[in-house]
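Visitor: Please pick a single part of this protein and look at it closely. What surrounds it, and how does it tie into the rest?

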Amino acid sequence: MARVVLGMIGLGTVGSGVVQLLAQHKHLQLKKIAVRDLQKERAANPTCPITENVSEIIDDPEIEVLVEVMGGEEPALTYIRRALEKRKHVVTANKEVLAKHGPSLFQLAREKGVTIFFEASVAGGIPLISTIQRGLGANQFAAVTGILNGTTNFILSNMEEKGLSYDSVLAEAQRLGFAEADPSADVDGHDVAYKLSILAALSFQRFVKPEDIYREGIRNITPDDLALAKEFGYRIKLVGTARNTDPKNKAGALAVRVHPTLVPLAHPLAAVSGSSNCILVNGDAVGEIIMVGPGAGSLPTASAVVGDIINLESALKLPDFASYFQPSITSEWSKTASPDDWTSPYFLRLSVKDTPGVIGTIGTIFGEHKISIQSIIQRGVADRRATIVILTHDVRSGNMEAALADLKKCEFLDSVASAIRIYKAA
Ligand code: NAP
Ligand code: HSE
């Protein structure tokens, strides 16, 4: 087997797993690792030298592959660009860099005749990217939907199943190494937005700017929401979707969104707990594929990184192999559809004063905005205050926003405690 010389930036959760797995693949020679702080204690004990000087890797002509597992936008972007300029192949787990700079990075890789491998950037250990790129290559895709963030799924499952507090479960996810360096990336939905941008690029050949992706995180989900959802036959999940609104038009708008969603208990997404991910891919030839597995963590993510390195190594000596692995992604950003036009049923939890006429007024306002109520109950009457829980039929999001704005003008309304969409197949 040919020897491949690697240099790696990052020796944290993922980098440590990569070191552990590479020890079983002696022909993949990890020559040097760059870190930020040489004094730090490490979970892994690599046999190669460690440096604080990234240039010792990027400027080393013997190193053919840069493994970037440091994360964040900068300086990772600069390092990846410098490596591509020097005609090094790149294996990265960095969804933020790819989502924000994918078009220019893939363009640069094409110009230099090298490749970027990025299996670990979406869904951790699940081989989702190679499945969409190659295994499902004969399909036109209608939509990709799923649970794409391990940390938030871990938080929601543990809050619901064990009654633990949001803060304590987030701290546990950080300890276990699932959470991003800044956990706001997880809990506010940025991480899923980055992953959706990458999945849109693979499925519909165009990246979506992360700032154009509709995004709501899980900070406002309370134990009351989780318990009430269960009572009505649902589980709350952070679900991301990228859907082609106009499959006949190659430049048509994509509907790309991440938000908490009430998923029916019988749906496969509802059964996915802990840090696992679950993705539903709809192809015109294959129908629906469901992939479930570990979405984060040291060894599952390293499995994807080292899998990429092994793929790369097996092809490295073939002539012009890079063009085979370069994904066909345009360098234009995609247009996105207005979130106002999406439709789905809603779950609402309203905190109100317990006075006559409240339910009648809510019904009138909803009627004016073409919202049909499927179910309505009043709960927890105390201190002349009550909670009203409403499930609606399919509603246009713009109409729901307008109805909630009108409700907020009513004297009886204390707050719209929750307004969460109910799952609807993409
Ligand atoms: P991490 O534990 O925070 O490790 C980051 C590593 O990068 C650390 O070793 C750090 O060095 C090094 N680093 C940071 N800035 C650097 C710089 N400027 N120069 C040199 N080294 C630098 O992060 P992680 O969880 O392993 O995540 C790494 C990447 O994988 C991210 O893109 C993340 O989104 C992605 N990812 C993570 C998971 C997961 O489960 N954790 C799953 C899928 C994808 P020091 O140790 O000296 O601070
Ligand atoms: N923080 C991410 C997650 C890591 O929790 O899913 C995997 O991408």
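Guide: Contact here means heavy atoms within 4.5 Å. By that rule, L84 touches V90, L105, L108, A109, K112, V114 and I116, with residues up to four places away in sequence left out. This is a predicted model: local features need pLDDT of at least 70, side-chain atom pairs pLDDT 80 or more, while totals for chains, interfaces and linings use all residues. Side-chain values use heavy atoms, without hydrogens or water, residues count from 1 along each chain as its sequence is written, and chains are lettered from A and ligands numbered from 1 in written order.

Start with the core. L84, I116 and L128 touch the most other members of the largest nonpolar core, which has 79 residues. (Such a core is a set of buried Ala, Val, Leu, Ile, Met, Phe, Trp, Tyr and Cys joined through side-chain atoms within 4.5 Å; buried is under 20% relative accessible area, exposed over 50%, partly exposed in between, with a 1.4 Å probe and protein chains only.) Helix α9 (residues 190-204) gives this core the most, nine residues. A separate second core holds 32 residues, including M8, I33, V67 and A120.

Now the sheet. Six strands form an open sheet in the order β3-β2-β1-β4-β5-β6, paired in parallel. β3 (50-51) and β6 (116-117) are the edges; each has a single partner strand, so one side of each lacks a neighbour in the sheet. (Strands pair if DSSP finds at least two bridges; helices, H or I of at least four residues, and strands, E of at least two, are DSSP runs numbered from the N terminus.) Inside the sheet, β1 (residues 4-9) runs parallel to β4 (residues 65-68), and four bridges join them. I9 faces E68 of β4 across that pairing.

Helices cover the sheet. α3 (residues 76-85) lies across β1, β4, β5 (89-92) and β6, at about 170° to β4. α11 (residues 298-315) lies across β1, β2 (28-34), β4, β5 and β6, at about 160° to β5. (Axes are lines fitted to C-alpha atoms, for helices over the stretch in contact; angles run from 0 to 180 degrees between N-to-C directions.)

Step out to the domains. Domain 1 spans 4-127 + 299-325, domain 2 covers 128-294, and domain 3 covers 340-422. (The bounds come from an automatic or database assignment.) The C-alpha centres of domain 1 and domain 3 are 50 Å apart.

Another strand to follow is β10 (254-264). Of its 11 residues, 10 are buried. β9 (234-244) runs antiparallel to β10, joined by 11 bridges. There, R243 has A255 as its bridge partner. β8 (residues 214-215) runs parallel to β10, with two bridges. Y214 is partnered by R257 of β10. β18 (residues 413-422) also pairs with β10 in the parallel sense, over two bridges. T261 sits opposite R421 of β18.

The loop between β9 and β10 contains A253. Neighbours within four places aside, A253 contacts R243, N244, T245, D246, K335, T336 and A337. A253 and G163 are 90 residues apart in sequence, and their C-alpha atoms are 41 Å apart in space.

One more helix, α7 (residues 166-176), buries Y166, V169, L170 and A173. These buried residues pack against α6 (150-162) and α8 (184-187). On the other side of α7, D167 and R175 are exposed. Just past α7, G177 has a positive phi of about 85°.
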